[in-house]
Amino acid sequence: MTFIGRAKEQEKLLAQLSSPTQNAALLYGRRRVGKSELILHTMRQASGIRSIYYECRQTTAENNTRNLSEVIAEAFDMPPLAFSDIEAALRFVFDRALSEKIALAIDEYPYLRDVVKGMDSILQVLLDEYRDRSHLSSSAGRT
C-alpha cells in the first residue's frame, strides 16, 4: 500500500524515532483520520530500530497485559512472556531500551487508561526513571 500525505507529521515522527535520547509523543485527533496508519508507516520507515506496536483493547487490564506480553515476545523473538501487569511489561521494554534503540507505540491508549488504575502515573514514572539512560521512543495514540 502506498502512503500518501502527512509528510510533515511523518518527518517529525521519524526525527523523533531517530533521536538517540528517550522521547515521547502523543498523537490525537478525530477517529478514522489515519493516526494509526501514520504511526505504523513511520515505524516501518525507521531503519535499525526495533519497533513494538500495541493496539489496546477495550477489555480488562489482564487481557491487555497478556496481549502486550505476546507483542513484546514477538518483537524480541522470544518464547511467550508472562508479565504480572502492564507496568512489568513496560518496564521490560524500558530495560531493553537501555542497550538498544526501541520504538514503542501504544495505540488506543484511552482503553488502557480506563482499565488500569493510575496508568498515566505508571507511564510518567517510567519515563522519568529512564529519562537519561533509555533509547526509547514512545508514542501514544488517542481519539
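## Helix 3 and helix 4

In this predicted model, helix 3 and helix 4 are roughly parallel to each other, because the angle at which they pack is about 20 degrees and angles under 35 degrees count as roughly parallel. The axes of helix 3 and helix 4 lie 9 Å apart, and the crossing of the two helices is left-handed. On the side of helix 3 the contact is made by Ala 61, Asn 64, Thr 65, Leu 68 and Ile 72, while helix 4 brings Ile 86, Ala 89, Leu 90, Phe 92 and Val 93 to it. Sorted by class, the residues of this contact between helix 3 and helix 4 comprise eight nonpolar and two polar ones, with no charged residue among them.

## The loop between helix 3 and helix 4

The loop that joins helix 3 (61-75) to helix 4 (86-96) contains Asp 77, and Asp 85 has its place in the loop between these helices as well. Asp 77 counts as exposed, because its relative accessibility is 73% and the cut-off for exposed is over 50%. Asp 85, by contrast, counts as partly exposed, with a relative accessibility of 35%. Although Asp 85 and Ala 61 are separated by 24 residues in sequence, their C-alpha atoms are 7.6 Å apart in space; Ala 61 is also one of the residues through which helix 3 meets helix 4.

## Two residues with positive phi

Most residues other than glycine have a negative phi. Asp 77, a residue other than glycine, has a positive value, with phi near 50 degrees. Glu 108 is likewise a residue other than glycine with a positive phi, here near 55 degrees.

The surroundings of these residues can be set side by side. Asp 77 is in the loop between helix 3 and helix 4, whereas Glu 108 is in the loop between strand 3 (102-107) and helix 5 (109-115). Asp 77 is exposed at 73% relative accessibility, but Glu 108 is buried, since its relative accessible area is 11% and buried means under 20%.

## Helix 1 and helix 2

Two packed helices are described by the angle between their axes and the distance between the axes. For helix 1 (residues 7-18) and helix 2 (residues 35-45), the packing angle is about 50 degrees and the axes are 10 Å apart. That angle makes helix 1 oblique to helix 2, and the crossing of helix 1 and helix 2 is right-handed.

Where helix 1 meets helix 2, Glu 9, Gln 10, Leu 13, Leu 14 and Leu 17 belong to helix 1, and Leu 38, His 41, Thr 42, Met 43 and Gln 45 belong to helix 2. By class, five residues of this contact are nonpolar, four are polar and one is charged.

## The protein as a whole

The helices described above belong to a protein with six helices and four strands, whose elements follow one another from the N terminus in the order α-β-α-β-α-α-β-α-α-β. Along the principal axes of the protein, the C-alpha trace spans about 40 × 35 × 30 Å. The radius of gyration is 14 Å, which agrees with the value near 15 Å that a compact globule of 143 residues would have.

Of the 143 residues of the protein, 45% count as buried, and Glu 108 is one of the buried residues. Among contacts between residues at least 6 apart in sequence, 70% join residues that are at least 24 apart.

Notes
Residues are numbered from 1 along each chain as its sequence is written. This is a predicted model: local features need pLDDT of at least 70, side-chain atom pairs count only at pLDDT 80 or more; totals for chains, interfaces and linings use all residues. Side-chain values use heavy atoms; hydrogens and water are left out. Axes are lines fitted to C-alpha atoms, for helices over the stretch in contact, and angles run from 0 to 180 degrees between N-to-C directions. Angles under 35 degrees count as roughly parallel, over 145 as roughly antiparallel, 65 to 115 as roughly perpendicular and the rest as oblique. A crossing is left-handed if the near helix is turned anticlockwise from the far one by less than a right angle, and right-handed if clockwise. Contact means heavy atoms within 4.5 Å. Ala, Val, Leu, Ile, Met, Phe, Trp, Tyr, Cys and Pro count as nonpolar, Asp, Glu, Lys and Arg as charged, and the others, Gly among them, as polar. The radius of gyration is taken over C-alpha atoms; the globule rule is 2.2 Å times the number of residues to the power 0.38. Buried means under 20% relative accessible area, exposed over 50%, partly exposed in between (1.4 Å probe, protein chains only).
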